[in-house]
Each structure stands twice: as C-alpha cells, then as structure tokens.
Amino acid sequence: QASLVESGGGLVQAGGSLRLSCAASGRTLSSYFMAWFRQAPGKEREFVARISPGGGGRSYADSVKGRFTISRDNAKNTVYLQMNSLKPEDTGVYYCNIVRPPSYSPADYWGQGTQVTVSS
C-alpha cells in the first residue's frame, strides 16, 4: 500500500531553520504535483507550498513566501521543505500529500506528519 512518511521536524528557536522530508513508498511521485500542509493546534490544516512534477513550478502561501523553499528529488522519490527564519506561528504538524489540478485538493489519505515547534 502506498504511503507518505514525513520527517525532519523538531524544536527550534525563532529565526532558526529546519528541513523537512517526505518520502514515498509503494508509489512513484515523479508524475504528481506535491504539496506541504500544516496544522496548528486548534486550527484547520492549511496549505504551505506546492511543486509541479518536474520541479519547475512552485507556489507558496503568503505567510511563508521568502522563508520556505519546496523542492523535490524524483530519483529519490522525496519532496523537501526548507524552512528558514522560522517564527512561533510556524508551529504545527507538517504533512505532505499529492495534489491534483485544477483545484490542487489533497488526496484523501494523510501520513502521520512531523511536528515543528518554534519557540520565541
């Protein structure tokens, strides 16, 4: 069965950096748009960043533009999220998922996510 496994989260001080990874098993990601989402405590899950199958097209939420960079290595079947200049409001569980145009809605299944905590 296909699965997505997120990793790389942790506790970091404001202004710090983290690099998240999303590895797939049982499915080749190279033909899919991929996205990162996050969910803060008590809030709904929200879009963070999206990347096209070839990696040439990227889109970001306004709240992370200029600080986060999404990338992918199709040879490794992995998607990354480099997060710099982290803020306490970036705290949450981060998830990756396949998204499909034109709405870029995420697939129904979610991985376990990876916790990111930014202290002030």
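Strands, the elements referred to throughout as E, are DSSP runs of at least two residues, numbered from the N terminus. In the predicted model described here, the elements of the chain follow one another from the N terminus as β-β-β-β-β-β-β-β-β-β-β. The chain accordingly has 11 strands and 0 helices.

The overall dimensions of the chain were examined next. Along the principal axes, its C-alpha atoms fill a box of roughly 40 × 30 × 25 Å. The radius of gyration is 13 Å, which agrees with the value near 14 Å that a compact globule of 120 residues would have. Of the 120 residues in the chain, 42% are buried. Among contacts with a separation of 6 or more, 53% are made by residues 24 or more positions apart.

An open sheet is formed by 4 strands, in the order E1-E3-E8-E7, with antiparallel pairing. Strand E1 (3-7) and strand E7 (68-73) stand at the edges of this sheet; each has a single partner strand, so one side of each is left without a neighbour in the sheet. From one strand to the next, the twist averages 15°. Within the sheet, strands E3 and E8 run antiparallel and are joined by 6 bridges. Leu 20 stands opposite Leu 81 of E8.

Strand E8 spans residues 78-83 and includes Thr 78. Thr 78 has a relative accessibility of 10% and counts as buried, because the cut-off for burial is under 20%. A polar atom of the Thr 78 side chain lies 2.8 Å from the backbone oxygen of Lys 76. Beyond its neighbours within four places in sequence, Thr 78 is in contact with Ser 21, Cys 22 and Ala 23, and also with Arg 72 and Asp 73.

Cys 22, one of the residues contacted by Thr 78, takes part in a disulfide with Cys 96. The structure holds 1 disulfide. The sulfur atoms of Cys 22 and Cys 96 are 1.9 Å apart, and the link is right-handed, with 65° about the S-S bond. Cys 22 belongs to strand E3 (residues 18-25) and Cys 96 to strand E9 (residues 92-100), so the pair ties together parts that are 74 residues apart in sequence.

Leaving aside neighbours within four places in sequence, the contacts of Val 93 comprise Phe 37, Arg 38 and Gln 39, together with Gln 112, Gly 113, Thr 114 and Gln 115. The C-alpha atoms of Val 93 and Thr 117 are 8.5 Å apart in space, while the two residues are 24 residues apart in sequence.

Taken together, these results describe a predicted chain of 11 strands and 0 helices.

Definitions and conventions
Residues are numbered from 1 along each chain as its sequence is written. This is a predicted model: local features need pLDDT of at least 70, side-chain atom pairs count only at pLDDT 80 or more; totals for chains, interfaces and linings use all residues. Side-chain values use heavy atoms; hydrogens and water are left out. A disulfide is a pair of cysteine sulfur atoms within 2.5 Å. Contact means heavy atoms within 4.5 Å. Buried means under 20% relative accessible area, exposed over 50%, partly exposed in between (1.4 Å probe, protein chains only). A polar contact is a pair of N or O atoms within 3.5 Å; within protein, one must be able to donate a hydrogen and the other to accept it, and residues adjacent in sequence count only if both atoms are side-chain atoms. Two strands pair if DSSP finds at least two bridges between them. Axes are lines fitted to C-alpha atoms, for helices over the stretch in contact, and angles run from 0 to 180 degrees between N-to-C directions. The radius of gyration is taken over C-alpha atoms; the globule rule is 2.2 Å times the number of residues to the power 0.38.
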